[in-house]
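Open the model in your viewer and keep the sequence panel beside it. This tour tells you what to select at each stop and what is there.

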Amino acid sequence: MTSFPRFGVLGRFLFFLLPFGFPSAARAQENPYIVAYDHNLEEPGHLEIEYFSTFGTQRGGNDFHAFWAEFEYGATAWWTTEFYLDGQTTFHDSTVFTGVRWENRIRPLQREHLINPVLYVEYEHKSSADKILKEVEGHDVESDFLAPNAEARKEHSNEMELKLILSSTLKGWNFTENTLAAKNLSNAPWEFGYALGTSRPLALKASAQRCSFCRQNFIAGAEMYGGLGDRHSFGLHNTSHYLAPVLAWNLPSDWTLRLSAGFGLNDQSHRFLLRWGVSREITGFGSMVAHLFGGPR
Amino acid sequence: MRACVATLSATAMFLGVSLAFGEQEKGPRYKYQNDALVYAEIAKAPAKARAKSNPLEKDPDAIPAGRNLFEQHCSECHSDTGEGGKKGPSLRGPQVQNAAPGAIFWILTNGVVRRGMPVWSKLPEPQRWQLVSYIKSLGLAPTRPENPPSTTAKP
């Protein structure tokens with residue numbers, strides 16, 4: 001059996017620095033969601049590098065700080081692909097690398113509709129020490145996180161995750177509904193989950209001057225997510241649910257900052273999840289790489 | 001060790017597949033001679049969409065705000081001057097400049113996804129109208145004569 005390596009302060013520092021140091025960037029107009037997805041895909045040829053952090057409280061155990069880096073690439077105008085690296089620090093325990101994910105989002109309809117579907121397919125190779133809580137599936141509950149890292153990191157799973165994303169934009173508001181079905185590839189039942197989100201920019205018109213604190217740069221909203229049990233026991237019971245106000249700040253200096261304070265809605269949920277993220281979009285990344293290999297710029 | 005190999009393989013596969021596919025689609029289709037395919041999409045705008053007038057037409061801030069938005073979201077493909085780049089056609093041709101504002105708004109809202117133009121519905125409606133105002137303000141690009149007269153003086 002393989003085990004993921006531990007990494008220390010230097011590793012975490014380098015992990016955090018990943019998004020920095022790219023010369024060409026675009027001013028983003030990113031949604032504030034951390035768990036839910038809307039129907040907007042990455043622009044073709046752009047690479048968005050993101051770092052996210054989650055601080056979670058843990059009853060009966062040690063609080064934790066989970067983090068992940070995302071590399072989101074717009075392969076075409078209808079297909080976005082993302083690669084994730086996940087890790088976590090459990091206080092008074094250790095820091096471990098917890099897995100990788102490869103997700104793909106495909107927009108089957110070419111035009112904008114009242115409800116816009118996006119198909120999502122993800123492969124995950126993760127250890128049981130994974131705590132990023134990027135989704136809640138099946139009967140995921142707070143007590144699943146009690147095992148010490150030394151023990152949890154030895155168990156791994158390969159998982160396939162499918163989502164149907166239904167998203168609408170109306171009068172500046174975005175409404176999105178994600179339904180999730182996940183399958184551990186080692187003969188476990190299908191598990192289900194959901195995420196709902198709504199958001200709106202604080203101003204709909206752009207201002208004539210560039211500014212950092214203009215209201216249109218801020219997008220506020222809320223997301224709610226949780227499990228729906230599994231194939232044998234479907235429903236909202238014996239699983240966890242969260243409600244989180246979310247805020248994104250799209251800076252003219254090419255960065256997007258996101259903040260979310262999540263509250264557990266039942267006794268099986270973590271009481272509090274504080275999440276934040278920083279991202280930067282690199283324009284023309286595809287052309288830049290193609291040029292490196294002798295293609296046209 | 002196996003985890004490292006798996007991670008590196010997955011990364012290489014991720015980059016290879018997405019870049020190869022992305023570049024394949026963006027390849028020759030986006031050369032200037034194929035702009036007609038993109039322009040043809042403007043004609044597909046429904047009559048109801050074409051009939052919409054720009055609610056910000058008389059807003060003095062619409063053009064400068066639209067310019068900011070254009071620089072942020074559009075200039076990479078259509079060039080800073082809107083005269084077209086390697087990925088996007090000129091917005092200063094008669095096909096765009098003579099089009100109804102509502103048709104341009106419809107293209108911004110729906111994109112031309114198969115030709116690489118993303119859907120811009122993530123920009124709120126007023127911002128899309130500000131973009132329309134700016135694109136219309138660019139005006140027609142000066143036409144270049146096919147056989148420019150020689151500038152060399154002959155004795």
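Start with chain A. Of its contacts with a separation of 6 or more, 63% are between residues 24 or more positions apart; contact here means heavy atoms within 4.5 Å.

Two notes before moving on. This is a predicted model, in which local features need pLDDT of at least 70, side-chain atom pairs count only at pLDDT 80 or more, and totals for chains, interfaces and linings use all residues. Residues are numbered from 1 along each chain as its sequence is written, chains are lettered from A and ligands numbered from 1 in the order in which they are written, and side-chain values use heavy atoms, with hydrogens and water left out.

**Stop 1: chain A overall**

Colour chain A by secondary structure. Chain A has 297 residues, and 57% of them count as buried. Buried means under 20% relative accessible area, exposed means over 50%, and partly exposed lies in between (1.4 Å probe, protein chains only). Now show the surface of chain A. Its accessible area is about 12000 Å², with 64% belonging to carbon and sulfur atoms. Accessible areas come from the Shrake-Rupley method with a 1.4 Å probe; for residues, only the protein chains shown count as cover.

**Stop 2**

Select T90(A). It sits in strand β3, residues 79-90 of chain A. Is T90(A) buried or exposed? It is buried, because its relative accessibility is 5%. Show its surroundings, leaving aside neighbours within four places in sequence: T90(A) contacts N62(A), D63(A), F64(A), K131(A) and N149(A).

Next, select M288(A) in helix α3, residues 285-292 of chain A. M288(A) is partly exposed, with a relative accessible area of 24%. Draw a C-alpha to C-alpha distance from M288(A) to Q209(A): they are 30 Å apart in space and 79 residues apart in sequence.

**Stop 3: charges in chain A**

Side chains of opposite charge can pair when their charged atoms come close. A salt bridge here is a side-chain nitrogen of Lys or Arg within 4 Å of a carboxyl oxygen of Asp or Glu. Over all chains, the structure holds 22 salt bridges. Select E103(A) and R105(A). They form one of these, with the closest N and O atoms 3.4 Å apart. Both E103(A) and R105(A) are buried.

Then pick out a network of salt bridges: D86(A), R101(A), E122(A), E124(A), K126(A), D130(A), E135(A) and E159(A) are linked in it.

Finish with K163(A). It lies over the face of Y120(A), at 4.4 Å from the ring centre. A charge sits over a ring if NZ of Lys or CZ of Arg is within 6 Å of the ring centre and within 35 degrees of the ring normal.

**Stop 4: chain B overall**

Switch to chain B. It has 8 helices and 0 strands. Of its 155 residues, 49% are buried. Chain B exposes about 8500 Å², and carbon and sulfur atoms supply 59% of that.

**Stop 5: the cores**

Select I42(B), F70(B), V96(B) and L131(B). These have the most contacts inside the largest nonpolar core, which has 31 residues. In chain B, α2 (35-43), α4 (62-73), α7 (101-110) and α8 (125-138) each supply at least two residues of this core. A nonpolar core is a set of buried Ala, Val, Leu, Ile, Met, Phe, Trp, Tyr and Cys residues joined through side-chain atoms within 4.5 Å. Another core, of 23 residues, lies apart from it; V35(A), F52(A), A66(A) and I132(A) are among its members.

**Stop 6: aromatic pairs**

The whole structure has 14 aromatic pairs over all chains. Rings of Phe, Tyr and Trp (its six-membered ring) pair if their centres lie within 6.5 Å; planes under 30 degrees apart count as stacked, over 60 as edge-to-face and the rest as tilted. Zoom in on F70(B) and Y134(B). Their ring centres are 5.3 Å apart and their planes are at 55 degrees, so the pair is tilted. F70(B) is in helix α4 and Y134(B) in helix α8 of chain B, 64 residues apart. Both F70(B) and Y134(B) are buried.

**Last stop: a salt bridge in chain B**

Select K44(B) and E41(B). Their side chains meet in a salt bridge, 3.0 Å from N to O. K44(B) is partly exposed at 48% relative accessible area, whereas E41(B) is buried at 12%.

Notes: Helices (H or I, at least four residues) and strands (E, at least two) are DSSP runs, numbered from the N terminus.
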